[in-house]
Amino acid sequence: LQLEEEQAFYYLSAVSTATKMRNRGTALALLNFVLQKRSKPVYLFTLIPDFFKKAGFQIASPPHFRPK
């Protein structure tokens, strides 16, 4: 999991698990654990929005920033 801190939010740039650990809820559990610790909004760009909806993400307008 890669989470980058910006001034007003966090940018989630990667979530990955080993192939043998997929479909066991590992990535979702890790993501939920990390999100509970954040004090600012978390944004991401994704090709699999259904996965992130399980963690409570919603489709939103992007903040004004350019990814690094």
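Q: Why is Phe-57 called buried?
A: Phe-57 has 16% relative accessibility, and buried means under 20% relative accessible area, with a 1.4 Å probe and protein chains only; therefore Phe-57 counts as buried. The model is predicted: local features need pLDDT of at least 70, side-chain atom pairs count only at pLDDT 80 or more, and totals for chains, interfaces and linings use all residues. Residues are numbered from 1 along each chain as its sequence is written, and side-chain values use heavy atoms, leaving out hydrogens and water.

Q: Where is Phe-57 found?
A: Phe-57 lies in the segment after helix H2 (49-53). A helix is a DSSP run of H or I with at least four residues, and a strand is a run of E with at least two, numbered from the N terminus. The protein chain has two helices and three strands, in the order β-β-α-β-α.

Q: What is Phe-57 in contact with, leaving aside its neighbours within four places in sequence?
A: Contact means heavy atoms within 4.5 Å. By that rule Phe-57 is in contact with Leu-12, Leu-31, Leu-35, Val-42, Leu-44 and Phe-52. Phe-57 and Val-42 are 15 residues apart in sequence, and their C-alpha atoms are 8.7 Å apart.

Q: What makes up the largest nonpolar core?
A: A nonpolar core is a set of buried Ala, Val, Leu, Ile, Met, Phe, Trp, Tyr and Cys residues joined through side-chain atoms within 4.5 Å. The largest one has seven residues: Tyr-10, Leu-12, Leu-31, Val-42, Phe-52, Ala-55 and Phe-57.

Q: How many of the residues in the protein chain are buried?
A: Buried residues are 22% of the 68 residues.

Methods
Buried means under 20% relative accessible area, exposed over 50%, partly exposed in between (1.4 Å probe, protein chains only).
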